[in-house]
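Have the model open as you read along.

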Amino acid sequence: MSGRNHHTAAASAEAVLRRLLSRAEKAQHAASPRRLRLALNGRQCPEYQAQRDLDAKEAFLAVFNSAAAQGAIDVHLAKPRGFEEAEPAAIEVRNIAALAAFLGQTLRHDRVLAAASVLQRAQAHFPVIAEVINQWQAGKKVRRQDECAAPHLAAAARLLMARQQELEEALLRRESIRLFGDGKYIETHLAPWLDLLLHQSLEASGLEKRDIFARIGLRHAPQPLLLAGHGHAHLQDGPVRLCRDYLGLPMNALLGLE
């Protein structure tokens, strides 16, 4: 078997172990006493059955055997037929932490604890964050994102608290640079979390991004002051005659009316 095919077989076996780890974490969260077991048949483990030649199967099973050697899983053999060598029939989680370490992953429980630590200050102001953390702990996503998004949720809380102290509207990208050092950070990452915090609900409100930002006084461009009638508007550059329909003027440029 070529080195590339060997790598493909090993990668498939690791994918199976990641799936098993995810199921084991969910069972652990549900306080299930049973150990997670995966039969190496076409229904539960089609990846193993897809290895057609002997070398590919050996490369696939070598990953399982390495995980077993590190105390992560047990490999169960089927009863041998006659003089045939016993074939592996199933794998079972022995130690969740050891399996995560074998795969180079951090357990979800530990990731969520880290997320909760990041969100501790924000949670005191926004109780809905506790619901978000509970969903993550159960292995569920919130607004299509998992616990890795905790820094963005914390940033959204920081932005809301900052805007509560402001009476005037601000330019979206200018505020993004002021608070986060990145002109596109707010509009790229924070809209779903701002929506969640504003409505105190895990469910999306249906508002467009621009409407969410407008709720906290953030706009892409300054909103003009619309004036209509007879007279003049005095600006920094001089007077401007008003018109009957309307005239749009920048708020900070208007000095007076007559």
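In which hand, left or right, does α5 cross α7? The crossing is right-handed, a label used when the near helix is turned clockwise from the far one by less than a right angle, with anticlockwise being left-handed.

## About the model

This is a predicted model, where local features need pLDDT of at least 70 and side-chain atom pairs pLDDT 80 or more, while totals for chains, interfaces and linings use all residues. Numbering starts from 1 along each chain as its sequence is written, and side-chain values use heavy atoms, without hydrogens and water.

## Helices α5 and α7

Helix α5 spans residues 108–118 and helix α7 residues 128–137; helices are DSSP runs (H or I, at least four residues) numbered from the N terminus. Their axes come within 9 Å and cross at roughly 165 degrees. Axes are lines fitted to C-alpha atoms over the stretch in contact, with angles from 0 to 180 degrees between N-to-C directions. The pair is therefore roughly antiparallel (over 145 degrees).

On the α5 side, Arg108, His109, Val112, Ala115 and Ala116 meet Ile133, Trp136 and Gln137 of α7 (heavy atoms within 4.5 Å). By class, this contact holds five nonpolar, two polar and one charged residues.

## Helices α8 and α9

Helix α8 (residues 150–163) packs on helix α9 (residues 172–180) at about 110 degrees, their axes 12 Å apart. These two are therefore roughly perpendicular (65 to 115 degrees), and their crossing is right-handed.

Ala155, Arg158, Leu159, Ala162 and Arg163 from α8 touch Glu175, Leu179 and Phe180 from α9. Here the classes are five nonpolar, no polar and three charged residues.

Conventions
Parallel < 35°, antiparallel > 145°, perpendicular 65-115°, else oblique. Nonpolar A, V, L, I, M, F, W, Y, C, P; charged D, E, K, R; others polar.
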